[in-house]
Amino acid sequence: MGFRVPELRNASVRIQHPERAAAIIRSLKEQGPSKLQVISDFDMTLSRFWCHGRRCPTSHNILSDSRVISEDGRKQLKDLLHYYYPIEIDPNRTPEEKQPLMVEWWSRVHELLVQQNIHKEDIAQIVRESGVMLRDGFKEWFDQLHEHNVPLFIFSAGVGDVLEEIIRQANVFHANINVVSNYMDFDENGVLRCFKGPLIHTYNKNNSVLQGTEYFQQLSTRTSIILLGDSMGDLTMADGVPNVENILKIGFLNDKVEERMGKYLDAYDIVLERDETLDVANGILRYILTET
Ligand SMILES: Nc1ccn([C@@H]2O[C@H](COP(=O)(O)O)[C@@H](O)[C@H]2O)c(=O)n1
Ligand SMILES: [Mg+2]
């Protein structure tokens, strides 16, 4: 497969079952773009984990580190991050054990954010000042999908208003994109008053929070899937898709690489170790979409 998709030979690529991954990629090509849909996580998957030698912000971090949050609020939000993030990525706890703790984290953070007098009209500037970056190669990724009418479903436990703004500012918010995430609800003065439900956290990214959207039912003829994620919780994002025939799961392993590699290799078809680019995903997509 390496000569058809040269990016699969990149130093970051780890594959437990290369034959299996190659067979899936071949099937995706045989089925063609009219059968394809892409389901992707946002934070630390489409956005970068490292930028300029520092951690890049998630959509939540963009708000919690911003100038609109009081000093005390920022400290409380940071304390919560330092307590819950190690739990979120702990390879020795099951998703079932983590779930109530994730609900606790997200709920406490949203409660704190609601106390901060955040204005809808400030979001664009907050994003501009945040230093967030999409992964290298993002333009080719978003543009290829758009040009070939491949639907891109972004399923994020981040903050929808913020991540939409990031994609908009990068000029790649094309018509083929649908986002499901945690959206803010603003009052008549444009001030944040609550988050709209249902709450989406790292370990409930599945059909349970998509009730009533009908998105996957409308795409029921698109039975080929490329799934991109960076967390073990992202693996369930396609659970609501009917009639899946081929699914290629690509996982970005950004943090605590040695401890987590085994579980990622078992779960993802392709694991990208500390890779801040979309080069491998772009290479696979190019191969699938090119008529040869
Ligand atoms: N208060 C929080 C809660 C979560 N995060 C991070 O956000 C990411 C979830 O969004 P996805 O687009 O990846 O679903 C995940 O990486 C959490 O660690 C946060 O930074 N602050
Ligand atoms: Mg993520």
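A polar contact here is a pair of N or O atoms within 3.5 Å; within protein, one must be able to donate a hydrogen and the other to accept it, and residues adjacent in sequence count only if both atoms are side-chain atoms. Everything below comes from a predicted model, in which local features need pLDDT of at least 70, side-chain atom pairs count only at pLDDT 80 or more, and totals for chains, interfaces and linings use all residues. Residues are numbered from 1 along each chain as its sequence is written, chains are lettered from A and ligands numbered from 1 in the order in which they are written, and side-chain values use heavy atoms, with hydrogens and water left out.

View 1. W105 has a side-chain N or O atom 3.3 Å from a nitrogen atom of ligand 1. Of the 15 residues around ligand 1 (a heavy atom within 4 Å of it), T58, E88, S156, A157 and K205 come nearest.

View 2. With contact meaning heavy atoms within 4.5 Å, domain 1 brings 22 residues and domain 2 brings 21. About 1,900 Å² is buried between them, 68% of it from carbon and sulfur atoms; that is accessible area (1.4 Å probe) lost when the two parts are put together, summed over both. W50, V162 and Q169 supply 25% of what domain 1 buries here, more than any other three residues.

**View 3. The domain 1 side of the contact.** Helices (H or I, at least four residues) and strands (E, at least two) are DSSP runs numbered from the N terminus. β5 (152–159), α7 (160–169) and α9 (257–267) each give at least two residues to this side, and α7 has the largest share, with 6. Across the boundary there are 7 residue pairs in polar contact, both at pLDDT 80 or more.

View 4. R20 and D269 pair through their side chains, N to O, at 2.9 Å. R20 belongs to helix α1 (residues 18–31), and D269, 249 residues away, to the loop between α9 and β11 (270–273). The structure holds 19 salt bridges, meaning a Lys or Arg side-chain nitrogen within 4 Å of an Asp or Glu carboxyl oxygen, but the count between domain 1 and domain 2 is 0.

View 5. Most residues other than glycine have a negative phi, and most peptide bonds are trans. N149 isn't a glycine, yet its phi is positive, about 55°; N149 sits in the loop between α6 (138–147) and β5. G197 and P198 are joined by a cis peptide bond, with omega about -10°, and P198 is in the loop between β8 (192–195) and α8 (215–218).
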